[in-house]
Amino acid sequence: MIPTASAIVNPSIGPVPVPSMVVLAPMAGITDAPFRRMALRYGAGLVVSEMVASQALEDRHEETVLRAEGEGVAIHAVQLAGNEPASMARAARIAEGAGAAIIDINMGCPAKRVTTGLAGSALLRDLDLAQRIIEAVVGAVKVPVTLKTRLGWDETQTVAPELARRAEAIGVEMITIHGRTRCQFYTGKADWAAIRQVSEAVSIPVLANGDLVHADDTPAMLAASGADGVMIGRGAQGRPWFPGQVAARLKDGTAPADPALAEQRDVLLELYDGWLGHYGRDLGLRCARKHIGWALAAAAQSAGRPAEAAGAWRRRLLTLDTPEGVVAGIVDAFDDLAGDGPARDDLDWSAAA
């Protein structure tokens with residue numbers, strides 16, 4: 001019988017107990033502290049910070065420090081990226097000293113700006129360097145170290161099982177595998193079955209990652225991959241409650257419905273206030289825009305409205321440059337999507353500034 005996340009008794013990452021093996025993935029520009037706190041409120045088992053560049057954390061770069069912040073997060077996990085073992089070790093000690101309970105190593109990011117610097121998934125082409133980085137980080141901290149990676153660089157180099165064996169031998173406590181190669185980026189479909197080779201290669205927990213957007217697909221993902229749990233990335237965009245729905249599906253056999261539109265609106269408004277406080281007014285306005293677009297799309301889907309309805313509101317909201325105008329626009333958008341008012345093409349939200 002293939003184990004499922006709900007069947008794991010007292011799940012933990014090394015000595016750190018977690019509510020479930022349903023984890024919110026680290027996503028650059030997305031899983032900031034306000035979003036992570038909201039995902040935890042709705043039942044995510046663990047949340048991981050945005051990817052943090054090791055050298056930038058050493059230099060105390062302002063935005064990088066914000067990415068590593070874990071205020072209000074019960075189990076603070078920080079993901080580090082880099083290609084120099086000593087720098088990764090120093091950054092890991094900084095994160096641990098700032099309260100990180102788990103350090104995650106990024107060996108899966110496919111972005112060219114990362115792989116050009118021989119970090120992220122570029123390390124799948126140099127397992128010896130990858131091993132030295134893991135050894136340096138594990139040796140530098142007392143907290144558990146985990147690893148997130150992909151199947152390989154391309155279909156001819158599916159080295160994830162070998163990397164996983166090396167990582168386990170060094171002392172890594174959990175491995176997450178995205179079911180694509182680096183060269184696939186996010187195209188095509190994640191190969192959940194290919195993750196099974198990693199699950200069978202190690203005895204530490206393995207999480208399956210990639211293309212989980214419906215809670216009812218979780219048992220199939222676990223059955224195909226043989227994994228112990230799941231990590232959710234893009235499926236949570238605009239839906240911080242989605243990891244909690246997945247956790248409930250595994251525990252109880254039924255996923256709860258999406259929150260009512262009024263609740264979704266209040267979640268977005270609270271997050272918006274959190275982003276302004278986290279980043280400051282100007283940067284907060286910019287960082288919130290993509291989240292607002294995803295949240296409107298999720299609301300339209302929940303309401304059974306066409307995607308075009310959310311798109312129209314998104315375009316209007318993106319033109320606003322005052323917090324008061326954005327808040328008024330969010331309220332009106334959700335009223336419209338809920339059918340509580342007519343579309344307001346000529347509304348002048350600038351008056352709310």
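This is a predicted model: local features need pLDDT of at least 70, side-chain atom pairs count only at pLDDT 80 or more; totals for chains, interfaces and linings use all residues.
Visitor: Which residues are the closest to the centre of the largest pocket?

Guide: A pocket is an open set of points on a 1 Å grid over the protein atoms alone, where a 1.4 Å probe fits, with protein on both sides within 12 Å along at least five of seven lines. The largest one holds about 490 Å³ of space, a volume being the space filled by probe spheres set on the points. Its lining counts 29 residues (each with an atom within 4 Å of a point), and the closest to the centre are Pro26, Met27, Pro110, Lys148 and Tyr186.

Visitor: Which strand gives the largest share of that lining?

Guide: Strands are DSSP runs of E with at least two residues, and helices are runs of H or I with at least four, numbered from the N terminus. Both β7 (145–150) and β10 (229–232) supply at least two residues of the lining. The largest share, three residues, comes from β7.

Visitor: Which residue of β10 is the bridge partner of Ala208?

Guide: Strands pair if DSSP finds at least two bridges between them. β10 pairs in the parallel sense with β3 (residues 22–24) over three bridges, and Val23 stands opposite Met231 there. β9 (residues 206–209) also pairs with β10 in the parallel sense over three bridges, and the partner of Ala208 is Val230.

Visitor: Are the residues on the two faces of β10 buried or exposed?

Guide: Buried means under 20% relative accessible area, exposed over 50%, and partly exposed in between, with a 1.4 Å probe and protein chains only. Gly229 and Met231 lie on one side of β10, Val230 and Ile232 on the other, and all are buried.

Visitor: Within what arc do the buried residues of α13 fall?

Guide: In α13 (residues 307–317), Ala309, Ala310, Trp313 and Leu317 are buried. They line one face of the helix, because their directions from the axis to the C-beta atoms fall within an arc of 95°.

Visitor: What is the relative accessibility of Asp211?

Guide: Asp211 lies in the loop between β9 and α9, and has a positive phi of about 70° although it is not a glycine. Asp211 counts as partly exposed because its relative accessibility is 26%.

Notes
Residues are numbered from 1 along each chain as its sequence is written. Side-chain values use heavy atoms; hydrogens and water are left out.
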